[in-house]
Amino acid sequence: MNRLPVADRGTVRRALRDMISRHRRAVGVVLVLHGAAALAGLAPPWLLGTIVDRVTAGATVATVDRLALAIAGCVLASALLSRFAQYAGHRFGERAVAELREQFVTRTLGLPVSVVERAGSGDLATRSSVDVATVGTTVRDVVPTIVIATVQLTLLFGAVFLLHPLLGLAALAGLPSIVAVTRWYLRRASSAYLREGAESAELTETLTTTAEGARTVEALRLTDERVRHGTTRVTRVWQARRATLALRTVFFSVVEASYPLPVAMVLLVGGYLLSRDMVSLGAVVAAALYLQQAIEPLDRLLQWTEQAQRGFASFARVLGVGLVPPEEPPGTTAPSRGQRLVVRGARFSYAGGHDVLHGIDLEVQPGERLAVVGPSGAGKSTLARLLAGIDAPRRGVVSIGGRPVTDLDPAERRRRIALVTQEHHVFIGTVRDNLSFAAPDATDEQMRAALATVGADWYAELPDGLDTALGDGARQLGAAEAQQLALARLVLADPHTLILDEATAALDPSTARRTERALAAVLVGRTVIAIAHRLNTAHDADRVAVLADGRITEIGSHDDLVAADGAYAALWHSWHGQADER
Amino acid sequence: MRYLWWLVRRQPWRVLRGSLLGTAWMVGLSARPYLIYRAVDDGLRARDTRALALWVAAIIVAGVALSYLGIMRHRTMTFIREDAKARSAEVLLRQLSRVGATLPRRSAAGEVSTVGGSDIDWSAQVLTLTGPGVGAVVAYAVIAVVLWSISPVLALCVLLGVPAVGLVVGPLLRRLERAESVYRRQQGALTARSGDIVAGLRVLAGVGGRDLFARRYAARSQDLRAEGYRVGAVVSWIDAATVAIPGLFLAAVVWLTARMAVAGDVTIGELVAVYGYVATLIVPVWFLLEGSHQLIRGRVAARRIADLLRLGPDDVGGPGRRWPGGVPDARHPHAVAAPTGPADLHDPVTGLTVRAGRLTGVAVDDPAAAEALADRLGRYVVSDTTWGGVPLTGVALDEVRARILVADHDSYLFAGTLRDILRPGADDEQIRAALRTASAQDIVDALPDGLDTPLDAQARTLSGGQRQRVRLARALLVEPEVLILVDPTSAVDAHTEARIAERLRAARAGRTTVVLATSPLLLGRADEVAHLSAGRITATGTHADLLDQDSGYRHLVARGSDETGAGRPADAEEAYR
């Protein structure tokens, strides 16, 4: 599997710089407001120091009252300023996150299907849910917290410097050990926490799937096996937790043991300075209190750094999606003439593998029905993808009306050729939402008519008609209903060529029968290439192509092939059983 | 609550150690303000260098000791929580595996996943109360005593004031949580939408409409942004209040203490210490408030776990598992012994008889009827089905499960390596044989690590036809006395199906096998075929006989086979003439 790319550090930094410079003013306002709030927050310890000095000097009650009132005023001012700072920061975060996720979705929608398939949709799904959310929390909550903490710390330490430079130097005593252990911790933390998260998600999944598959557990008597499986999961969660706990043990013991160092050093140096009358007692007390106050933002900063690091990693994965070159626009825009599908010498291999198709030659006339049959692994689905222009042949050409299909503008190509597979997806939204994207100009009347054409009689029972919400927590469609919805989309999209890749194979037989009836209505008057799963299809097609090991071994009408008495004829007879012998 | 108590009693010594460490740590938190106050009073103010050095050393030592206590407390509490989580997960898993087929009828899988995810965490979280919870109470008392020694008036103010502040701020935080929860829900819906787009990318690539989806998503995203602004306005006010209220309280305490210092009732050092105590006291008080909240949530979670544990396996009207075979007792008056060897199964509802040792095909016009029939034959429901003449419902369930296997077309594939999915512990020879019968060797060959390739739950990376063949191979590996296959090849192409039909017959030669299907390839290989129409068996015979004599059967088998639909169904029947 070729995984989707991940942005390197430089790209992430550039993206961050871009984001900040786009919102330059907002960022500036946030910083100024937070700075002002932190400054106001510095006042109380300083005022307390003043109180200490004044009381030592024998102050009156009135002075104390005034100073106490000043403390209260500063607390209020700080709270108000930080409120507006936080609000401004919040708005900035929301805007930035909204931009980011919209950009992500736009880029995802622009990804060539072949890239997504090769990378596996799981990777992209994780990026769209986990990573986008992680970046969101980072921008909305983590970054502001870190910014506030940094501003507060800068001001607190700055204040100690202002009280006396030597006190300031003493205050830095605890930093070396904290910095060292933080670096040590950050190098290991993210992967350990990710592993812990993954392990506990697996345990939850084990519980959920055991519940979902309870009938199977009973039928196959898998009870002991499930318990054994779960017990290993529990053990692995426990191991992962122990690993993160070990990291925290080292990190927090060093950090917490370092916290009192600045206070202690300031008191010692303060004592020395005091003995030479270089500072007042109040100044030393204020410095000690500032440093005591610094513990809390420092703690916050350290705790969130790991989160920020994870946000950075997620950001790199989110940006990575944008690094995939989008589906290339067509070389020329001249519309192709005619609708004849021609395949000449097409060979194809999936990345780095052996050829799956070894030189296919095929011509399909407009309005013709061609059935492609053959055993699993013969390359039928690959051929369908080449015909639909999803993959380009490694060698040879697939063209429609004389133009290679991969050269057509993707939108144009989709209007002409539609590929129907057994996958059907009901989008979250209303029935209308699920239909309109195939033909944006379709009227309600046309949509209803399309639903009627494919035999979607369940539509009549919907409470709100086209506006009925579908999907999780709303009206759930069964497999057949979903497939009918997909077919109604096709009726609206009105392509002239349809490629059916075992469109109903995943449905149970009676559902398949109903769907197939609906499908017949869609096929009238179009070119149809059906990857056939059952032989009736082949019997009724204009021509049958038998594909084996990536080559067309037989081609012709059903009767011709039966008469030729080759592999197809043998299969046909065996399928008939004794019915034929009469 | 009893469940929570059980979790505590599993680890009494650890809980005790947690309480002691929690207490020591919380009390230790108040040591630093005291030491700073002594350093200021005895050292700085008295200009006594020796005393200053002594107290400063004490601050450093206390810091190291506190960090040790803190981390040990954290470790112990983590172990306690993890022990509780592991225990909950294990009992739940045991229970889920034991309850079996009746579980889907009694509780939704979604419910189980909440229990398995957040409820386990919440109930384990409650155990934290045993450590720092006890510590918080003790620390509060210690600080109360120390403050009392400085000034009873101050002590009263602080001891009542801090909880009062907590009580004011606590509800504010709850409101904050609520405001955020709306936002989070909306955010979850938006994430679901982008996931939806990712899942439907292929459809969008096939039919078009990318721009429309991008625009729709952007509109929702803007809605969320607007909601975010609204939340931000509320949240920032609440945050400001949670900072301002304790701050103002602290200012009031300072003011009161300073006035006392002016009057000479307290020393300067004590003034500084009081300031520190008030700040320190916030920790235990917060903890108690937070703890009471956790207790409420944890109890709800524990109740949900207990409810799930109370579910019993359903005996579907007959004797259960641990019941010794064959003898009627008070609880199971209709108990009977199972037939000792292979025996015929008879279903009076439809009139179907499955002969022992033969391959029986049943063509059913309605999939729901096929499932109901399989449920009766496999004793998933109470019925009058007989097995060798005795009522199947009277036979011990364990014995039925051991001897009769119903292989549903949608049976669950658990995550694991392909080997584990097929049959844990089976040897390569058996696996190879089963894969051959199910014509599934090519699936293994295509996987990067063959049999040892890990697959997701429900093997989502495989195609429908591949999954179906894996399920078939799995059922074959069980080698049950009676194998009932429901639509085993509906998603498989005709070439492969022909091979499977041939090999299945050989692999199950001499053993009872029932195939519920409408495919002529499968039915053509059966010893005997029954046509089930409108709930009754209307005809039996060989496939050829039925094709000849039963026009309904002919119709069913022909139509059931045409699945791609590119053909004209009306003509299909003529193919047989």
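1. Start just past the end of helix 12 in chain B: Arg379(B) has a positive phi there, about 55°. Keep in mind as you look that this is a predicted model.

2. Now step back into helix 12 itself, residues 367–377 of chain B. Which of its residues are buried? They are Ala370(B), Glu371(B), Leu373(B), Ala374(B), Arg376(B) and Leu377(B). An α-helix has 3.6 residues a turn, so residues three or four places apart point the same way.

3. Chain B has an open sheet of four strands, in the order 2-1-4-5, with antiparallel pairing. Strand 2 (352–354) and strand 5 (390–391) sit at its edges; each has a single partner strand, so one side of each has no neighbour in the sheet. Further in, strand 1 (residues 345–347) and strand 4 (residues 386–387) of chain B pair in the antiparallel sense over two bridges. If you want one pair to click on, His346(B) has Thr386(B) in strand 4 as its bridge partner.

4. Chain A has an open sheet too, with four strands in the order 2-1-4-5 and antiparallel pairing. Where are its edges? They are strand 2 (355–364) and strand 5 (403–404) of chain A, and each has just a single partner, so one side of each is left without a neighbour in the sheet. For strand 5 of chain A, that pairing with strand 4 (residues 395–400) is antiparallel and runs over two bridges. Here the pair to click on is Ile400(A), whose bridge partner in strand 5 is Arg403(A).

5. Over to a helix pair in chain B. Helix 2 (residues 12–29) and helix 7 (residues 132–150) have axes that come within 7 Å and cross at roughly 35°. The crossing is right-handed. On the helix 2 side, the residues that meet helix 7 include Gly22(B), Trp25(B), Met26(B) and Leu29(B). Helix 7 brings residues including Pro132(B), Gly135(B), Val138(B) and Val142(B). What classes of residue make up this contact? It has 10 nonpolar and four polar residues, and no charged ones.

6. Zoom out to the domains. In chain A, the assignment gives domain 1 as 9–164 + 279–321 and domain 2 as 341–581, and their C-alpha centres are 55 Å apart. In chain B, domain 1 is 2–151 + 266–310 and domain 2 is 345–576, with 58 Å between the C-alpha centres. Notice that domain 1 is written as two stretches of sequence in chain A and also in chain B.

7. Where the chains meet, 141 residues of chain B and 142 residues of chain A take part in the contact. Which element gives the largest share of the chain B side? That would be helix 10 (residues 210–262) of chain B, with 28 residues. The chain B side as a whole splits into 76 nonpolar, 40 polar and 25 charged residues.

8. Is Arg310(B) buried or exposed? It counts as exposed, because it has 8 C-beta neighbours inside 10 Å and the cut-off for exposed is 12 or fewer. Its C-alpha atom is 35 Å from that of Gln468(B), which is 158 residues away along the chain.

Key:
Residues are numbered from 1 along each chain as its sequence is written. Chains are lettered from A and ligands numbered from 1 in the order in which they are written. This is a predicted model: local features need pLDDT of at least 70, side-chain atom pairs count only at pLDDT 80 or more; totals for chains, interfaces and linings use all residues. Domain bounds come from an automatic or database domain assignment. Two residues are in contact if their C-beta atoms, placed from the backbone, lie within 7 Å. Ala, Val, Leu, Ile, Met, Phe, Trp, Tyr, Cys and Pro count as nonpolar, Asp, Glu, Lys and Arg as charged, and the others, Gly among them, as polar. Two strands pair if DSSP finds at least two bridges between them. A residue is buried if 20 or more other C-beta atoms lie within 10 Å of its own, exposed if 12 or fewer, and partly exposed in between; C-beta atoms are placed from the backbone. Axes are lines fitted to C-alpha atoms, for helices over the stretch in contact, and angles run from 0 to 180 degrees between N-to-C directions. A crossing is left-handed if the near helix is turned anticlockwise from the far one by less than a right angle, and right-handed if clockwise.
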